[in-house]
Amino acid sequence: MSDNLKAYMDNGAGKPVDPRVLDEMNLYHTEFYGNPASFHSKGFEALTALKTARERVSSLINADPKEIIFTSGSTEANNLALIGGVRRYKKRGTKVVISAVEHISVINITKKLTREGFTVQLCPVDEHGVIKLSELEKLVDDDTVMVSIMTANGEIGTIQPIKEAAEIAHSHEALFHTDATAAMGQIDLDVRHSDVDYMTLSSNDMYGPRGVGALYIKIGIRITPLMIGGGQEQGVRSGTENVAGIMAMSKAAEIAQEEMAEESGRLSELRDALIKGLLEVIPESYLNGHPMNRLPNNANIRYSFIEGEALIMSLDDVGVQLSSGSACAAKTLEPSHTLLACGLKHEEAHGSLVFTLGKNNNRRQVDYVIQEMPGIVHRLRAMSPLTPEELR
Amino acid sequence: MYSEKVLKHFKEPKNVGEMKDADGMGTVGNPVCGDMMSMYIKVKDDTIENISFKTFGCGAAIATSSMTTELAKGKTLDEAMDITRQDVANALDGLPPVKMHCSNLAADALHEAIKNYKENKEK
């Protein structure tokens with residue numbers, strides 16, 4: 001295996017930081033290190049930086065700079081939106097509706113809300129992982145305080161109809177939150193067009209550093225803070241601002257805005273070549289997620305009769321890194337709730353692989369994976385008692 | 001994270017395959033849980049003369065299957081019945097805690113195969 005054939009295809013789990021972003025971040029660690037609250041020139045530098053950062057991030061999603069609250073990441077933004085939102089508006093109702101394929105952070109936050117007395121309902125999805133709007137209409141009523149539907153699913157790539165979902169929420173005066181983490185830097189995000197009240201934004205998903213994220217909160221929409229302190233971020237999120245991280249995230253947003261159209265086009269082509277190639281060379285393999293309406297970087301393929309962690313280990317051995325929907329690769333020992341929600345059986349979910357492409361991937365790597373996969377799948381299938389005779 | 005021994009037994013498992021003329025066979029686990037193992041044994045003079053396995057499952061499932069066949073080969077049936085999950089894990093320089101229960105079933109499959117052999121013999 002030569003170095004240029006190593007293929008990291010787990011960009012949904014973690015991305016490298018763009019060197020341009022890193023340069024910007026370094027400046028704010030070493031030169032413009034003042035506290036934005038300080039009333040002197042070093043403080044003003046930092047305060048100006050925050051203003052720039054808010055402009056850049058808001059521009060990416062067609063928001064107003066005042067609508068951006070920086071956090072420590074997507075998980076905190078999800079906590080702030082869901083817990084802070086329903087606490088602030090609890091007089092409006094007792095029900096929270098989320099999709100059955102939300103990220104684990106949203107699912108676990110709503111479990112906490114259940115303990116606070118809210119009723120949480122899951123909106124089912126179809127076989128491609130798209131929320132059923134007709135079911136959402138039935139679930140949302142005048143007792144619903146919040147609806148949260150992700151913009152796109154990072155595991156199966158499926159893009160959700162959030163504009164339509166927001167409309168349903170608003171028709172019952174419920175708030176609408178969307179976790180846009182997996183979609184960051186890949187598809188156009190427009191909070192005005194989609195008419196969302198809260199949107200979770202990630203930094204690392206667009207090649208910014210980890211440890212920073214943001215929540216969009218529509219002007220006029222309120223929230224109960226979770227973090228109490230010096231009243232930073234309009235009092236919504238206290239704690240001295242992570243100016244360097246915030247500037248880095250905003251630089252990543254600026255780059256994403258400039259380069260997204262071209263890069264998403266390139267990734268879509270790679271993705272389609274990967275999906276087509278893999279399905280062609282291996283029998284009893286299937287695409288998970290939506291065939292067309294999916295994130296440019298995502299391919300999720302299911303292999304019958306074998307298990308995902310064993311696939312990951314075998315691929316890692318030939319220099320390819322990715323994720324799986326298998327229970328064995330997860331902390332919970334449960335297969336992916338997303339795949340199960342799409343109607344897959346447990347044994348089917350166990351054999352699923354998640355490829356998430358990124359800037360560092362190219363056609364040669366895609367061809368390399370397509371070349372390596374048949375041998376790996378065949379070896380594991382030959383070992384499996386489930387494999388039918390003709391596939392051994 | 002797996003030990004070097006687990007990785008080695010995953011990459012180059014010993015005694016893989018179905019045994020057409022097995023004297024005893026045992027299967028444990030199920031595909032719903034993500035792990036399923038079959039052990040086949042050939043017995044001569046109350047000793048496991050030959051053994052093989054087929055496994056559906058994660059890296060630990062495959063490595064423990066391979067290690068179990070290595071531990072059991074050449075042992076008397078009584079000795080093989082005494083091989084425990086812990087013995088298998090120890091022989092692999094340990095397993096991650098979450099894998100101890102779900103994927104470490106190979107010793108059970110071995111015991112089932114021995115029971116199956118004894119049942120076949122009584123018939």
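Q: When do two strands pair, and which residue of E3(B) stands opposite Ile41(B)?
A: Two strands pair if DSSP finds at least two bridges between them. In this predicted model, strand E2 (residues 35-44) of chain B and E3(B) pair in the antiparallel sense, over nine bridges.

Q: Which residue in the turn between E2(B) and E3(B) has a positive phi?
A: The two strands form a hairpin, with two residues between them. One residue in that turn has a positive phi of about 50 degrees. That residue is Asp45(B).

Q: How many residues of strand E3 of chain B are buried?
A: Strand E3 of chain B covers residues 47-56, ten residues. The strand is largely enclosed by the rest of the structure, because the buried ones number seven of the ten.

Q: Which element gives the largest share of the side of chain A that touches chain B?
A: The contact takes 18 residues from chain A and 18 residues from chain B. On the chain A side, the elements that give two or more residues are helix H9 (308-317) and helix H11 (346-349). The largest share is four residues, and it comes from H9(A).

Q: Is Ala310(A) buried or exposed?
A: Ala310(A) has its place in helix H9 of chain A. A residue is buried if 20 or more other C-beta atoms lie within 10 Å of its own. Ala310(A) has 30 C-beta neighbours inside 10 Å, so it counts as buried.

Q: Which residues of chain B does Ala310(A) touch?
A: Residues up to four places away in sequence are not counted. Within chain A, Ala310(A) touches Leu380(A). In chain B, the residues touched are Gly57(B), Cys58(B), Gly59(B) and Ile62(B).

Q: Where is the kink in H8(A) centred?
A: Helix H8 (residues 243-281) of chain A has 39 residues. Its end C-alpha atoms are only 49 Å apart, short of the 57 Å that a straight helix would reach. H8(A) has a kink of about 65 degrees, centred on Glu259(A).

Q: What is the handedness of the β-α-β crossover from E3(A) to E4(A)?
A: Strand E3 (residues 95-99) and strand E4 (residues 119-123) of chain A run parallel, joined by five bridges. Ile98(A) has Leu122(A) as its bridge partner in E4(A). The chain crosses between the strands through helix H4 (residues 104-115) of chain A, and the crossover is right-handed.

Terms used: Residues numbered from 1 in each chain as written. Chains lettered and ligands numbered in written order. Predicted model: local features only at pLDDT ≥ 70, side-chain atom pairs only at ≥ 80, totals over all residues. Contact = placed C-beta atoms within 7 Å. Right-handed = clockwise from strand over helix to strand, strands pointing away. Buried ≥ 20, exposed ≤ 12 C-beta atoms within 10 Å, placed from the backbone. Expected span 1.5 Å × (residues − 1). Bend = angle between axes of the 7 residues up to and from the residue.
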